[in-house]
Amino acid sequence: MAENLIRFDWAMKRLLRDKSNYVVLEGFLSTLLGEDLRICRFLESESNQEDAGDKFNRADMLVEDKQGRLLIIEVQNNRELDYFHRMLYGVSKTISEYINLGDDYDKVRKLYSINIVYFDLGQGKDYVYHGKTVFRGLHDPDDVLRLSVRQREMFMGKEAGDIFPEYYVLRVNDFDSVAKTPLDEWIQFLKTGQIDTSATAKGLPEARECLRVDALPVAERQAYVRDMEALRYQRSVIKTGWYEGRADGLAEGRAEGRAEGRAEGRAEGRAEGRAEGRAEGRAEGEQEAKMKTARAMKADGFSLDMIAKYTGLSVEELAAL
């Protein structure tokens with residue numbers, strides 16, 4: 001029998017930072033990385049803005065493990081076409097922030113970027129992806145550049161690429177099969193908010209106990225319900241805007257496609273027109289949906305920080321509403 005539990009992203013900010021609950025996050029990270037990971041401490045979870053124009057790295061959690069490695073964990077619900085770029089920016093900013101001015105380069109930390117996304121990010125058949133740097137010979141692709149003996153003594157890893165950041169992308173919504181592995185059990189929980197009683201993946205039995213909604217204090221439970229309602233409302237508005245934008249884009253794309261098709265060839269014109277129309281319509285629809293959400297949340301008394309969090313709009317855009 002499955003039981004509805006607190007969403008993992010909300011729990012990361014409110015519950016899993018408690019040392020008594022480290023075992024849950026350690027279980028997830030150990031299962032994902034395939035090793036026995038132990039958390040040392042939580043660090044500042046959002047990169048500091050040096051000025052109002054600086055980009056914002058909305059990492060939900062930044063963890064340091066017992067080996068001194070840094071792990072960024074981020075949950076993203078809204079579609080972002082430049083999300084891969086934001087992953088890169090977040091990693092780069094974190095690396096630079098956690099090395100002191102004047103330190104030698106060997107003080108650069110090993111970093112993992114773990115991204116749990118609830119939208120279609122890129123194209124692919126799998127639901128979990130791992131990316132890392134590999135230095136291959138230009139003339140012999142089977143020749144992978146390795147660390148020297150001395151470097152292996154000083155740094156973790158065997159290959160030169162082991163020093164560089166690694167990325168994990170969990171496309172949760174694309175998981176639609178029966179959980180057969182410990183990682184599948186975690187993905188299933190991230191997607192459904194449920195943990196089956198037969199689940200044995202590291203950290204999940206503890207999560208089943210400490211993430212019960214009925215175990216929250218009254219104030220925390222009310223805050224959780226408010227956040228979930230705000231998130232559901234925001235998803236509904238964005239989804240509506242996306243469909244409206246897609247419909248407008250398709251109509252415009254068909255019109256442009258026909259016009260160009262008559263002049264340059266029907267098949268090519270329609271294809272290009274529809275592609276451009278879909279892209280433009282989707283982008284405009286999503287932006288308009290975010291603006292509608294922001295206006296509604298502002299009218300309902302939500303703070304600018306919360307509106308920015310759930311819409312992805314900047315403070316400058318919200319101030320202009």
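Leaving aside neighbours within four places in sequence, with which residues is Ile-116 in contact?

View 1. Residues are numbered from 1 along each chain as its sequence is written, and side-chain values use heavy atoms, with hydrogens and water left out. Beyond four places in sequence, Ile-116 is in contact (heavy atoms within 4.5 Å) with Phe-8, Phe-28, Ile-73, Glu-74, Val-75, Gln-76, Leu-170, Val-172 and Leu-190. A nonpolar core is a set of buried Ala, Val, Leu, Ile, Met, Phe, Trp, Tyr and Cys residues joined through side-chain atoms within 4.5 Å, where buried means under 20% relative accessible area, exposed over 50% and partly exposed in between (1.4 Å probe, protein chains only). The largest such core has 48 residues, of which Phe-8, Leu-25, Phe-28 and Ile-116 touch the most other members. Helix 2 supplies the largest share of this core, seven residues. A second, separate core of 13 residues includes Leu-62, Val-91, Leu-111 and Phe-119.

**View 2. Helix 2, residues 22-33.** Helices (H or I, at least four residues) and strands (E, at least two) are DSSP runs, numbered from the N terminus. The twelve residues of helix 2 reach 16 Å from the first C-alpha to the last, close to the expected 16 Å, a span taken as 1.5 Å times one less than the number of residues. Because eleven of its twelve residues are buried, helix 2 is largely enclosed by the rest of the structure; among the buried residues are Tyr-22, Gly-27, Ser-30 and Leu-33. Just after helix 2, Gly-34 takes a positive phi of about 70°.

**View 3. Glu-26, a buried residue without a salt bridge.** Glu-26 is found in helix 2 and, leaving aside neighbours within four places in sequence, is in contact with Leu-37, Arg-38 and Ile-39. A salt bridge requires a side-chain nitrogen of Lys or Arg within 4 Å of a carboxyl oxygen of Asp or Glu. The nearest side chain of opposite charge to Glu-26 is that of Arg-38, 4.1 Å away; in this count Lys and Arg are positive, Asp and Glu are negative, and His and the chain ends are not counted.

**View 4. Salt bridges elsewhere in the structure, with 16 found in the whole.** Glu-80 and Arg-86 meet through their side chains at 3.0 Å, N to O, and both partners are buried, Glu-80 with a relative accessible area of 10% and Arg-86 at 12%. The side chains of Glu-166 and Lys-110 meet at 2.8 Å, N to O. Glu-166 lies in strand 6 and Lys-110 in the loop between helix 3 and strand 4, so this pair ties together parts that are 56 residues apart in sequence. Arg-212 and Glu-209 form a salt bridge with their closest N and O atoms 3.4 Å apart; Arg-212 is partly exposed at 26%, as is Glu-209 at 49%. Glu-35, Asp-65 and Arg-69 are linked in a network of salt bridges.

**View 5. Residues 47-59, where pLDDT stays under 50.** The predictor's confidence in each residue, pLDDT, runs from 0 to 100; the protein chain averages 82, and 79% of the residues score at least 70. For residues 47-59, the model has 34 contacts beyond four places in sequence. Where pLDDT is low, the predicted coordinates should not be read in detail.

Terms used. Predicted model: local features only at pLDDT ≥ 70, side-chain atom pairs only at ≥ 80, totals over all residues.
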